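I opened this notebook to keep track of what I looked up in the structure, one entry at a time. The entries follow the order in which I went through it.

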Amino acid sequence: MEMKDFSLEGKVAWVTGASYGIGFAIASGFAKAGAKIVFNDIKQEFVDKGLAAYKEAGIPVKGYVCDVTDEDQVNETAQKILDEFGHIDILVNNAGIIKRIPMLEMKASEFRQVIDVDLNAPFIVSKAVIPAMIKQGHGKIINICSMMSELGRETVSAYAAAKGGLKMLTRNIASEYGQYNIQCNGIGPGYIETPQTAPLRTPGHPFNEFILSKTPANRWGKPEDLMGPAVFLASDASNFVNGHVLYVDGGILAYIGKQPN
Ligand code: NAP
Ligand code: GCO
């Protein structure tokens, strides 16, 4: 093994939903490792906000308006990237939503919306880029899974179902396309400080104390905590890692929880 195996020099990475949050951090980590970055968001105004944030961070990027649940938009965006950059070496299916609603109060349409973004979209986007990866003889797909790929909790039935399915889609892409030197792995972030978890981190919210008591690291994760694991899974250093979900959770999954005083 050479340290250059961890480099992403010359690679083109598409990170979906990466105007901010975890996607922005992963794309930033890829840029530090030498990759060219492409991202998309659902509206031009969000893409523009993302472009401004990347510019402030000194990261050259290309941004596209693309709703990852819309197969035509996804296929058009994939083709635009291939036309402009010639190849897509790394895909991160990061775009995601959550709806925290007790199951008996959740409408079927709300359940379907979460499944559409968090599970159907990674299928659609992966399907759009795998043919080019087969043609070029290599590819890396990283699906952003969750603790809820393994655990349930009140109010997140749709999200847990989607993220559990995304773990198995990850394993199936690895199984079906590993023969073409395509590695598909997941990253399972723990509880990370982003807009998605902001409602759980309001001062005095009981969930905040709960998560700290369940995390050996005794802190919420930061998006930057995901940079290194993502670079590893996007690099040649992980060419024999396939179908794996790497949990970046501060130890939550390993820990029964702090005993009461
Ligand atoms: P976030 O702050 O809510 O950001 C989600 C991103 O996805 C936003 O840029 C959003 O764009 C985009 N997006 C949503 N629907 C989209 C669509 N249909 N098409 C294109 N883009 C879309 O979330 P985050 O916390 O960074 O999470 C990113 C990923 O990590 C998600 O898959 C999430 O489930 C997962 N995750 C998060 C945590 C955590 O603790 N934060 C933990 C585990 C896993 P808009 O702003 O335009 O909606
Ligand atoms: C929740 C949180 C979690 C995190 C993440 C944990 O409501 O429980 O939003 O779902 O977002 O997925 O890994």
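Entry one, a loop between two helices. I looked for Asn-218 and found this residue in the loop that lies between helix H6 (206-214) and helix H7 (227-234). The model I am reading is a predicted one, and in it Asn-218 has a positive phi of about 55° although it is not a glycine.

Entry two, another asparagine. I turned to Asn-181, which is found in the loop between helix H5 (157-177) and strand S6 (182-189). I noted that the phi of Asn-181 is near 60°, a positive value in a residue other than glycine, and that Asn-181 is partly exposed, its relative accessible area being 33%.

Which residues are closest to ligand 1? I wrote down Tyr-20, Asp-41, Asn-94, Tyr-159 and Thr-194, the closest of the 28 residues that surround ligand 1. By class, I found 16 nonpolar, nine polar and three charged residues in this shell. Looking at polar atoms, I saw that a polar side-chain atom of Tyr-20 lies 2.5 Å from an oxygen atom of ligand 1, that an N or O atom in the side chain of Lys-163 is 2.9 Å from an oxygen atom of ligand 1, and that a polar backbone atom of Ile-192 is 2.9 Å from an oxygen atom of the ligand. Taken alone, ligand 1 exposes 890 Å², and the protein buries 92% of that. I also noted that ligand 1 sits in the largest pocket, and that helix H1 (21-32), strand S2 (36-41) and H5 are the elements that give two or more residues to the shell around ligand 1.

I counted 14 residues around ligand 2, of which Arg-100, Ser-146, Arg-153, Tyr-159 and Gln-196 are the closest. A polar side-chain atom of Arg-100 lies 2.6 Å from an oxygen atom of ligand 2, a polar side-chain atom of Arg-153 lies 2.6 Å from an oxygen atom of ligand 2, and an N or O atom in the side chain of Gln-196 is 2.7 Å from an oxygen atom of this ligand. On its own ligand 2 has 330 Å² of accessible area, and the protein covers 96% of it. The shell around ligand 2 divides into eight nonpolar, four polar and two charged residues, and ligand 2 sits in the largest pocket.

Definitions and conventions. Residues are numbered from 1 along each chain as its sequence is written. Chains are lettered from A and ligands numbered from 1 in the order in which they are written. This is a predicted model: local features need pLDDT of at least 70, side-chain atom pairs count only at pLDDT 80 or more; totals for chains, interfaces and linings use all residues. Side-chain values use heavy atoms; hydrogens and water are left out. Helices (H or I, at least four residues) and strands (E, at least two) are DSSP runs, numbered from the N terminus. Buried means under 20% relative accessible area, exposed over 50%, partly exposed in between (1.4 Å probe, protein chains only). A residue is near a molecule or strand if one of its heavy atoms lies within 4 Å of it. A polar contact is a pair of N or O atoms within 3.5 Å; within protein, one must be able to donate a hydrogen and the other to accept it, and residues adjacent in sequence count only if both atoms are side-chain atoms. Accessible areas come from the Shrake-Rupley method with a 1.4 Å probe; for residues, only the protein chains shown count as cover. On a 1 Å grid over the protein atoms alone, a cavity is a set of points where a 1.4 Å probe fits but cannot get out, and a pocket is an open set with protein on both sides within 12 Å along at least five of seven lines; lining residues have an atom within 4 Å of a point. A molecule sits in a cavity or pocket if more than half of its atoms lie within 2 Å of its grid points. Ala, Val, Leu, Ile, Met, Phe, Trp, Tyr, Cys and Pro count as nonpolar, Asp, Glu, Lys and Arg as charged, and the others, Gly among them, as polar.
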